[in-house]
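Please examine the sequence and the structure shown below before reading the report that follows.

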Amino acid sequence: MTLWYNVIGDFMSIFDGLNKEQKQAVQTNAKHVRVIAGAGSGKTRVLTTRIAHLVEEKGYNPKKICAITFTNKAANEMKDRIESMLAPDVGIFVSTIHALCVRIIREEYEALSLVRNFTILDQTDQQTILKEAYNEYGLQRKELSYRDVLNYISNNKMAQVSIKQAYKMAGSNYYETQKAKVYDYYVNRLKDIFALDFDDLLAKTNLILREFPEVKDKWSKRFDHIFIDEFQDTNDVQ
């Protein structure tokens with residue numbers, strides 16, 4: 001069992017403070033593990049302790065372990081917990097799901113006809129492009145708010161709705177047709193400037209892994225273990 005010496009001179013185990021069920025989740029040899037528990041019950045602690053267990057006691061290569069969460073704050077906290085049990089810069093890849101997508105696309109950019117240093121848009125950048133589209137089509141924000149149109153674009157991307165499908169779904173509805181036109185402008189404008197928004201990071205990574213078997217095989221071999229914190233918050237594309 002892994003032990004370390006703390007500041008008051010007591011030997012401590014990474015399992016100290018875990019209950020029976022938590023220890024079972026940490027030590028199980030099952031290939032797939034799902035931990036279901038209420039908020040504040042220690043799920044993240046179980047996850048990070050399992051990582052430490054696999055490295056220290058099972059001898060797994062830390063560079064072949066990936067831990068994913070949803071915010072930068074949570075990723076930093078997870079990294080700190082892991083390093084407190086192992087060592088600084090042990091080599092485990094800890095990131096948000098979007099950061100993992102950026103890493104994949106930076107390596108596989110040619111498959112998407114991108115440039116390696118593609119731009120990632122923030123909300124201000126997105127609104128600048130919407131302003132261009134509104135000027136192009138003579139639209140007013142009091143007719144269609146930026147917020148509504150950005151939600152429309154995001155929902156279409158996550159549902160993998162093409163521009164052609166968006167026009168078809170709009171039918172004869174004026175406002176839906178205008179949103180489809182802005183969607184059309186927005187998507188093609190991003191192509192022109194080699195840019196991706198946060199939804200694209202997910203959708204394009206999904207596309208690469210589905211349509212390029214050699215890329216999927218490469219990344220399947222990159223990590224032996226993948227841990228996902230707050231897995232219940234994932235959507236289909238994620």
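Which residues does A180 touch, not counting residues up to four places away in sequence? They are Y152, A166 and Y167, where contact means heavy atoms within 4.5 Å.

## Basis of the report

This is a predicted model, in which local features need pLDDT of at least 70 and side-chain atom pairs count only at pLDDT 80 or more, while totals for chains, interfaces and linings use all residues. Residues are numbered from 1 along each chain as its sequence is written, and side-chain values use heavy atoms, with hydrogens and water left out.

## The position of A180

A180 belongs to helix α8, residues 174-192; helices are DSSP runs (H or I, at least four residues) and strands likewise (E, at least two), numbered from the N terminus. Because its relative accessible area is 0%, A180 is buried (buried means under 20%, exposed over 50%, partly exposed in between, with a 1.4 Å probe and protein chains only).

## The largest nonpolar core

A nonpolar core is a set of buried Ala, Val, Leu, Ile, Met, Phe, Trp, Tyr and Cys residues joined through side-chain atoms within 4.5 Å. The largest one has 22 residues, and L100, I105, L114 and L201 touch the most other members. At least two residues each come from β3 (65-69), α4 (97-108), α9 (198-211) and α10 (213-220). The greatest contribution, 6 residues, is from α4.

Apart from neighbours within four places in sequence, L100 is in contact with C66, I68, F93, S95 and F223.

## An exposed residue

I226 is located in strand β7, residues 225-228. I226 counts as exposed because its relative accessibility is 54%.
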